[in-house]
Protein chains: 2
Amino acid sequence: MDAADELAWCRDEFRLPEGIVYLDGNSLGALPRRTPERLRRLVEEEWGRGLIRSWNTEGWVDLALRVGAAIAPLIGAGGDEVVVADSTSVNLFKVLAAALRLRRGRREIVTDADNFPTDLYVAQGVADLLGGVEVRAIPRARIEEALDEHVAVLMLSHVDFRTGELLDAAALTEAAHRAGALALWDLAHSAGAVPVRLDDWGVDLAVGCGYKYLNGGPGAPAFAFVARRLQSDLRQPVWGWFGHRAPFDFSPRYLPADGIARLQSGTPPVLGLAALECGVEAVARAGIEPLRLKSVNLTELFVALLDQEFGGRGMEVVSPRDARRRGSQVSIRHAEGYAITQALIARGVIPDFRAPDLIRFGFAPAYLRHVDVFDAVAALAEVVWTEAWRRPEFLRRARVT
Amino acid sequence: MDAADELAWCRDEFRLPEGIVYLDGNSLGALPRRTPERLRRLVEEEWGRGLIRSWNTEGWVDLALRVGAAIAPLIGAGGDEVVVADSTSVNLFKVLAAALRLRRGRREIVTDADNFPTDLYVAQGVADLLGGVEVRAIPRARIEEALDEHVAVLMLSHVDFRTGELLDAAALTEAAHRAGALALWDLAHSAGAVPVRLDDWGVDLAVGCGYKYLNGGPGAPAFAFVARRLQSDLRQPVWGWFGHRAPFDFSPRYLPADGIARLQSGTPPVLGLAALECGVEAVARAGIEPLRLKSVNLTELFVALLDQEFGGRGMEVVSPRDARRRGSQVSIRHAEGYAITQALIARGVIPDFRAPDLIRFGFAPAYLRHVDVFDAVAALAEVVWTEAWRRPEFLRRARVT
């Protein structure tokens with residue numbers, strides 16, 4: 001299978017440690033091959049030698065827009081609809097507050113009760129700050145019926161961080177629009193692994209993470225999308241000089257920049273942006289459709305091998321079995337999930353654990369091989385069948401998040 | 001003077017390009033000697049080899065608090081009162097919104113009409129978002145009389161970014177408190193160069209920049225301070241998982257962390273934090289009192305040489321002549337300031353220009369020598385007396401911000 005893999009070359013775009021099967025690229029992407037040299041040059045030459053001049057001579061001043069434009073094709077957006085700025089949480093705060101202003105008179109935020117917690121927290125924070133705003137966290141199956149004339153914005157994650165379930169963003173966006181609400185998507189677990197077609201789907205607002213499938217490094221800056229048709233009316237609340245129409249005029253009154261640049265607030269994080277640019281390039285070179293094809297192959301293989309090895313005996317696959325409804329991740333439930341995860345890590349197979357009982361296996365298609373999937377299931381079988389997870393040396397290990 | 005300089009050793013903590021006199025450390029600090037290797041190790045080893053495990057094994061998870069604690073002694077704060085997060089603009093948004101909640105019933109933000117524009121923008125954005133809040137930007141000399149029972153918070157910059165004027169933070173904080181208002185200081189142009197005594201002065205809230213005198217690199221993350229006595233009541237509005245009491249419980253309801261950690265929102269920017277840690281270490285090793293002593297010597301020397309060379313003939317010093325009222329910067333006004341700045345840069349002397357007519361010379365005491373001050377004035381004299389700034393090759397140059 002690896003010999004026939006048309007994306008096999010892409011693994012060489014990354015540096016992976018020997019002897020490790022890394023199945024947590026959905027949490028922190030691997031190191032792109034070009035990143036160390038890019039950062040060395042940025043730090044030693046652009047910063048160290050160019051100093052302040054590099055803001056112009058090296059184009060730091062536009063880097064956030066440039067990296068945004070590089071992300072755009074991966075998420076089906078125009079190059080003028082995406083910018084990199086701040087963290088996912090901060091961007092979500094900005095676009096959520098802006099969405100409420102675009103739908104004045106409507107005071108509900110509808111979201112998924114199983115959304116990523118920080119998304120729920122951001123919504124709770126916006127509601128707490130503004131007053132008179134209600135956050136309705138609804139069981140997934142009943143979201144559509146919750147959409148009515150009171151709803152300002154439907155805020156959802158495209159892929160469930162626990163189960164890997166892929167939501168039908170096109171249909172849910174349409175449902176939001178039928179109710180007159182805006183659709184806001186968090187692409188943290190899809191950008192770079194699952195095809196996203198924001199413009200085709202008519203999505204209004206989106207945010208996403210730079211450090212998962214985009215391989216921007218730990219705590220990489222995040223991105224934000226605003227549909228072109230909304231940009232001139234969008235008023236995000238964190239007004240800083242990089243969102244100003246003319247930052248270097250130092251005028252005392254805020255005037256938002258035209259277009260997506262108004263999503264920016266403070267000075268852009270140049271180190272993080274440069275690293276993210278390398279990560280995005282590595283993925284963009286592969287192309288999102290081939291990446292998805294390979295991702296489906298990897299997760300299908302993983303599920304088939306789990307069935308073959310365990311056949312339901314104590315190892316429940318909680319991810320959708322239909323690959324069309326699954327992101328690039330497969331999660332299993334086991335009462336001893338934490339100890340099993342530790343035992344796997346001790347064997348060089350790295351998934352992650354989400355309390356109380358989920359083991360998440362992420363399959364970053366840009367750098368994983370089919371043999372990694374085989375090795376992961378073999379290690380899992382060894383751990384489970386020999387009950388290695390019961391041994392005290394694994395139970396004593398410090399918790400790995 | 002350099003031979004007698006007790007901080008001369010500190011220049012070797014930085015890498016500065018040959019043949020450059022860098023007088024813009026107030027805008028972007030120089031590259032610390034240790035930063036390239038620290039980032040190489042972070043990227044190649046901690047990220048590349050350790051992958052997700054490094055969040056715990058390398059302490060990334062606490063890095064924002066650790067770097068905050070390292071900054072604390074430079075600004076007269078406790079190690080549990082400072083955290084690094086986001087940008088200065090985003091932090092200012094958070095603490096300003098929080099200040100309004102701590103003084104419910106009071107709806108005015110008083111600030112300096114000459115404050116750094118992004119600070120004014122953030123305040124305007126908060127007022128625009130919340131409604132019923134007034135931002136009063138007052139001429140500096142009349143700030144104290146504007147403080148009354150309507151004022152929730154007095155928001156000021158410690159050092160004027162144009163003139164380098166150092167405000168009397170102790171007296172203004174006391175005046176704010178007399179009126180029942182909170183005092184919020186932006187330390188962007190003082191942290192690392194001017195002694196700050198937040199706790200002694202009774203300051204309530206502060207923010208500051210990582211990429212100026214703290215040498216964290218372009219777009220470095222910023223810091224925020226909340227006085228210990230206010231932390232448990234402080235409700236900042238951008239709720240994200242890193243500000244949660246138990247981020248890895250993934251519980252659906254936001255519960256703020258105890259202490260300063262609640263100022264955090266999203267995943268901390270590890271690359272930027274590691275670089276900032278190196279920058280802070282270089283400055284902390286020197287100590288803030290010796291740095292201030294040298295900074296005063298450098299700016300006094302610069303002003304004396306300007307007087308000697310120009311004696312008021314067309315070269316107006318707009319910074320305070322009393323060193324006690326001056327930060328680590330001297331600004332001069334000249335109708336041809338832009339062209340003169342370009343001509344200086346072409347000679348390897350790098351100040352910066354602020355429209356319409358100010359040339360700012362920043363004196364980062366950690367790495368500048370007295371001979372740099374002499375060389376800068378010599379270059380300035382050559383440019384001005386030979387009218388080199390009139391030559392078209394300088395006027396044609398692209399604008400350097």
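This is a predicted model: local features need pLDDT of at least 70, side-chain atom pairs count only at pLDDT 80 or more; totals for chains, interfaces and linings use all residues.
Let's start with the symmetry. If you superpose chain B on chain A, you need a rotation of 180 degrees with 0.0 Å of shift along the axis, and the RMSD comes out at 0.0 Å. That's the relation of a two-fold axis.

Now, the interface. How many residues of each chain are in contact? It's 79 from chain B with 79 from chain A. And 100% of the interface residues of chain B are also interface residues in chain A, so the copies meet through the same surface. The area buried between the two chains is about 7100 Å², and carbon and sulfur atoms give 68% of that.

There's charge across the interface too: the count between chain B and chain A is six salt bridges. Take R235(A), which pairs with D128(B), closest N and O atoms 2.9 Å apart.

Over all chains the structure holds 74 salt bridges, and I've picked a few within the chains. First up, K294(A) with D5(A), where the closest N and O atoms are 2.7 Å apart. This pair links distant parts of the chain, with K294(A) in helix α10 and D5(A) in the segment before β1, 289 residues apart. Buried or exposed, those two? Both K294(A) and D5(A) are buried.

Over in chain B, R11(B) forms a salt bridge with D372(B), at 3.6 Å between the closest N and O atoms. Again the pair links distant parts of the chain: R11(B) lies in the segment before β1, D372(B) in helix α12, and they're 361 residues apart. Both R11(B) and D372(B) are buried. Staying with salt bridges, there's also a network made through shared partners, joining R15(A), E37(B), R40(B), E44(B) and E45(B).

R324(A) has 68% relative accessibility, so it counts as exposed. D322(A) has 29%, which makes it partly exposed.

M1(A), V371(A) and F374(A) make a nonpolar patch of about 280 Å². V371(A) sits in helix α12 of chain A, residues 370-385, and with a relative accessible area of 34% it's partly exposed.

That's what I had, thanks.

Definitions and conventions. Residues are numbered from 1 along each chain as its sequence is written. Chains are lettered from A and ligands numbered from 1 in the order in which they are written. Side-chain values use heavy atoms; hydrogens and water are left out. Copies are superposed by least squares on the C-alpha atoms of residues with pLDDT of at least 70 in both. Contact means heavy atoms within 4.5 Å. Patches are made of residues with over 30% relative accessible area and no salt bridge: like charges are joined within 9 Å, nonpolar side chains (Val, Leu, Ile, Met, Phe, Trp, Tyr) within 5 Å. Accessible areas come from the Shrake-Rupley method with a 1.4 Å probe; for residues, only the protein chains shown count as cover. A salt bridge is a side-chain nitrogen of Lys or Arg within 4 Å of a carboxyl oxygen of Asp or Glu. Helices (H or I, at least four residues) and strands (E, at least two) are DSSP runs, numbered from the N terminus. Buried means under 20% relative accessible area, exposed over 50%, partly exposed in between (1.4 Å probe, protein chains only). Buried area is the accessible area (1.4 Å probe) that two parts lose on being put together, summed over both.
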